[in-house]
Amino acid sequence: METRKILNHKIYLYVTEFFSGMSVMAVELGASRLLAPYFSSSQIVWTIIIGTIMIAMALGNIYGGRSADRHPDPDRLYKRILIAAIWIALIPVLGKYIILGISAVMIFSVNSNFLIWAAFASCMIIFVFPLFLLGTVTPSLVKYAVQDLDDNGKTVGFLNASNTIGSIIGTFVPTFMTIPTVGVTITFYIFAGILLAIAIIYFCSRRQKSIRAAVGVAVLIVACLVSRTDSFAFWEDDLTYEGESVYNYLQVKEDDNRVYLSTNVLFGVQSVYVRDGSLTGMYYDYAMASTMMADVNEAEELDVLILGMGTGTFATQCNLYFDNLNIEGVEIDEDITELAVEYFHLSEDIPVYTYDGRAYLNAVDKTYDVIMVDAYQDITIPFQMSTIEFFTLVQEHLNPGGVMVINMNMRGGEEGNINQYISDTVSAVFSEVYTVDCSGNTNRELFASDNPDMLAVMETNIDLETDANLRAMMDTVSDNLQAYEAGEYLMTDDKAPVELLGMRVIDDLIYDEVSYYKQIFQEDGLSGLLEEFQ
């Protein structure tokens, strides 16, 4: 086997292994951020990402080993690395269009498990090929590095260590450095550039003119220029803010009277601020009934805790209508808290703690009159905040007569749906549980307490309310409250299948939304569908 001068001392082989391992992990983490605004960041999506990447790497290992045996030429490996770099550089530019194209096809071609099929197809098309190419690195380098059987174990050990160390660094750097500071797009470009540099250095050492290398550099430069004006929601041309945090894709949009926050391109609004101080017309208005149930108009002060503060819509609304509330918020995403102050006029007098909601309850001894749980985001429901153990913890942090209110984003109609699981689980802890469906959207509010007179207390406080709009809203809640009849669908820390349950509801919502267009497509084909959108 002919050796190349740059590879003679094996150092460059270890460097190649190190950076290829780093790039694989960076692309994997980048994949989760690229998919999250469209499909959420649930365990289901992570499973798909990890599964498809492992498939790609396994196939790459097999092909790389066979190729190295048949054609022991390092040029072939570095050409594959070069191609992988070019492909990765194109992901931020084309990936979002591919995802939406696949989603559109899946909506019209599958009737169930939309998120699974669309996410899986997106991963297969976007990420499998470049990671297959990077999967060929290790077996190829073993072939080039092992020249003496006396130290082959040592050599292979060094190669594997280089890959592992690179993978470790490639796990932490995107999560804590590049994605929060420069975003997922630039993260892809950084690691595409690293792979490109590895290939170019190799070919330059061989004094070879590589057209592929020139193409790679050109693609990376063009991609950087194009993506500077691109967006996850590329059809939006009037966003006030778009960015990424450690936890979320963040998008702020405004109209004449409202400011909206969305953490997901496809699944609606997470927070809203109403400039004129009126009711939101959303679930926040319904949730204010919890203060009535906790005797807000009779109490001198009420202590309110919001788990999942977001941009503080519920806190802001409560402060507009009540002047005797001490409100605290818990929000795991510090960037959202910053947006809350900058765009959503959250009072700086309201303390917001950067913490996981359950971890916060474990850390404090204080008790409250109202605890709002607003940490459920479409299919992304933190399992640790949906179990008997969690609701018991909430109960322990409520004052006598205190009320817990939960915002459940998705109603779900079939037996054993996500809301039934959550409601049954709450009912296993609290003696009084009531629900009300919010008009005009899919939200459902659940109120729970151990006070058997909670509804009587609510009625008394409604009668004392002087604001006509709020009183009318509270009457609407009162008239539509339903006592919940508990079943046996319980979730515990050991077993809480929130992702699969949430996915079923998403499937139903998507099916309902597109059924009209699917019928047009079936009857009139693509031309009829295009006419409908004109």
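Reply:

**Helix packing and the core**

Val24, Glu28, Leu29, Ala31, Ser32, Leu35 and Phe39 of H1 meet Val45, Trp46, Ile49, Ile50, Ile53 and Met57 of H2, where contact means heavy atoms within 4.5 Å and helices are DSSP runs (H or I, at least four residues) numbered from the N terminus. By class, this contact of H1 with H2 has 11 nonpolar, 1 polar and 1 charged residues. The model is predicted, with local features needing pLDDT of at least 70 and side-chain atom pairs pLDDT 80 or more, while totals for chains, interfaces and linings use all residues. Residues are numbered from 1 along each chain as its sequence is written, and side-chain values use heavy atoms, without hydrogens and water.

The axes of H1 and H2 come within 10 Å and cross at roughly 140 degrees (lines fitted to C-alpha atoms over the stretch in contact, with angles from 0 to 180 degrees between N-to-C directions).

H2 also packs on H4: Ile44, Ile48, Ile49 and Thr52 in H2 meet Leu115, Ile116, Ala119, Phe120, Cys123 and Met124 in H4. The residues here divide into 9 nonpolar, 1 polar and no charged. The H2 and H4 axes come within 10 Å and cross at roughly 35 degrees.

Phe39 of H1 is also among the residues that touch the most other members of the largest nonpolar core, which has 62 residues (buried Ala, Val, Leu, Ile, Met, Phe, Trp, Tyr and Cys joined through side-chain atoms within 4.5 Å; buried is under 20% relative accessible area, 1.4 Å probe, protein chains only). Elements giving it two or more residues include H1 (11-39), H2 (43-70) and H4 (114-126). The largest share, 16 residues, comes from H3.

Technical notes. Buried < 20%, exposed > 50% of the residue type's maximum accessible area, 1.4 Å probe, protein only. Nonpolar A, V, L, I, M, F, W, Y, C, P; charged D, E, K, R; others polar.
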